[in-house]
Amino acid sequence: MPELRFSTLGFWTMPALLAIVAATCAAQAPTPVPVSDQETELGQAVYKQLRDKGEIIESSPLYDSLKPVAEAIGRVAQPSYPHPFKFFLVHERQPNAFATPGGNVYVVDSLLYFVKNREELAGTLCHEVSHTLHRDGVTLMVKEQKIQEREVAAAILLGPTRAHLIAIALIGKLHQLGYSRDAESKADVTGSDICAQAGFNPWGLTWLFQDFKSADANQIPQLLSDHPADGTRIRTLEKHFRENPSTFSGFNSDSQSATAFSVPKDAPEVFLRPDTKANK
Ligand SMILES: [Zn+2]
């Protein structure tokens with residue numbers, strides 16, 4: 001449809017204008033506005049799966065702690081992604097965070113208790129958002145789809161939608177070792193750019209990596225215990241910081257400079273019920 005510039009419309013009355021618009025539309029093949037796309041569809045499938053398992057936290061004072069950090073990061077990343085970023089708290093056994101295609105980012109409640117400061121949380125969220133910007137989840141999905149097509153071709157014939165099957169595969173993978181080492185380092189680097197732009201000290205992610213070296217093995221969040229070669233990732237980030245002094249030289253590498261991050265102890269959590277329709 002041709003672009004309408006109202007300054008050039010002059011004397012046209014609204015009914016005449018609408019008639020012209022209608023005629024213009026009718027003269028062309030209609031271009032339906034997509035209500036969904038593959039990324040959104042996949043993200044929705046994972047969302048529904050988490051909701052049906054009763055893992056998504058609908059309300060909790062923990063959101064008050066998460067929101068200011070998540071929203072600042074979302075604002076910086078949003079112009080680079082066509083779907084809205086949304087951050088959900090979920091309850092799972094291990095501290096973790098993961099992003100799905102479509103813009104949803106899931107933060108396990110216990111991660112808020114695990115991080116030692118605001119910068120470590122911000123670094124984790126920036127990293128996850130970067131996986132979404134890089135379409136790492138979609139790449140993983142395509143890989144999974146090929147496996148699924150071979151292994152469960154029968155199940156597809158029997159009824160489950162492909163999106164549902166993919167979602168099962170994807171969420172399993174997102175909780176395990178999924179992304180390549182290269183994808184992880186790239187998400188770290190883009191994440192550090194996003195964090196810096198959002199005003200969070202990008203050294204936070206390296207502090208988190210350092211913390212794991214001294215942490216009890218059972219305490220190590222899966223998102224990082226599964227992510228290989230933390231030392232390499234730290235070195236890659238340090239190199240990126242050195243090479244871009246205009247962005248990073250103003251940030252203090254010393255974790256003593258970190259901003260305290262406190263969450264209410266034993267915060268109550270209300271879970272989203274499986275019959276809730278909205279993807280808030
Ligand atoms: Zn990652």
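Me: Why is Arg233 called buried?
Reply: Keep in mind that this is a predicted model. Arg233 has 2% relative accessibility, and the cut-off for buried is under 20%, so Arg233 counts as buried.

Me: And what makes the contact between Asp188 and Arg233 a salt bridge?
Reply: The closest N and O atoms of Asp188 and Arg233 are 2.7 Å apart. The label asks for a Lys or Arg side-chain nitrogen within 4 Å of an Asp or Glu carboxyl oxygen, so this pair gets it. It also links distant parts of the chain: Asp188 sits in helix α9 and Arg233 in helix α12 (residues 230-243), 45 residues apart.

Me: What makes Asp182 and Lys186 a salt bridge?
Reply: Their side chains meet at 3.0 Å, N to O, and the rule is within 4 Å. Asp182 and Lys186 are 4 residues apart in helix α9 (residues 181-198), so about one helical turn separates them.

Me: Why are Asp182 and Lys186 called partly exposed?
Reply: Asp182 has 45% relative accessibility and Lys186 has a relative accessible area of 47%. Buried is under 20% and exposed is over 50%, with partly exposed in between, so Asp182 and Lys186 both land in that middle class.

Me: How do you know that Arg135 forms a salt bridge with Glu39?
Reply: Their closest N and O atoms are 3.1 Å apart, and the cut-off is within 4 Å. The two are 96 residues apart, with Arg135 in the loop between α5 (118-133) and α6 (136-151) and Glu39 in helix α2 (residues 38-52). Arg135 is partly exposed at 28% relative accessibility, whereas Glu39 is buried at 12%. The structure holds 6 salt bridges, this one among them.

Me: What makes β2 a partner of β1 and of β4?
Reply: Pairing needs at least two bridges. Strand β1 (residues 56-59) has 2 with β2, running antiparallel, so that pair qualifies. Ile56 stands opposite Val90 there. With strand β4 (residues 104-108), β2 has 5 bridges in the parallel sense, and Phe88 stands opposite Tyr106.

Methods
Residues are numbered from 1 along each chain as its sequence is written. This is a predicted model: local features need pLDDT of at least 70, side-chain atom pairs count only at pLDDT 80 or more; totals for chains, interfaces and linings use all residues. Side-chain values use heavy atoms; hydrogens and water are left out. Buried means under 20% relative accessible area, exposed over 50%, partly exposed in between (1.4 Å probe, protein chains only).
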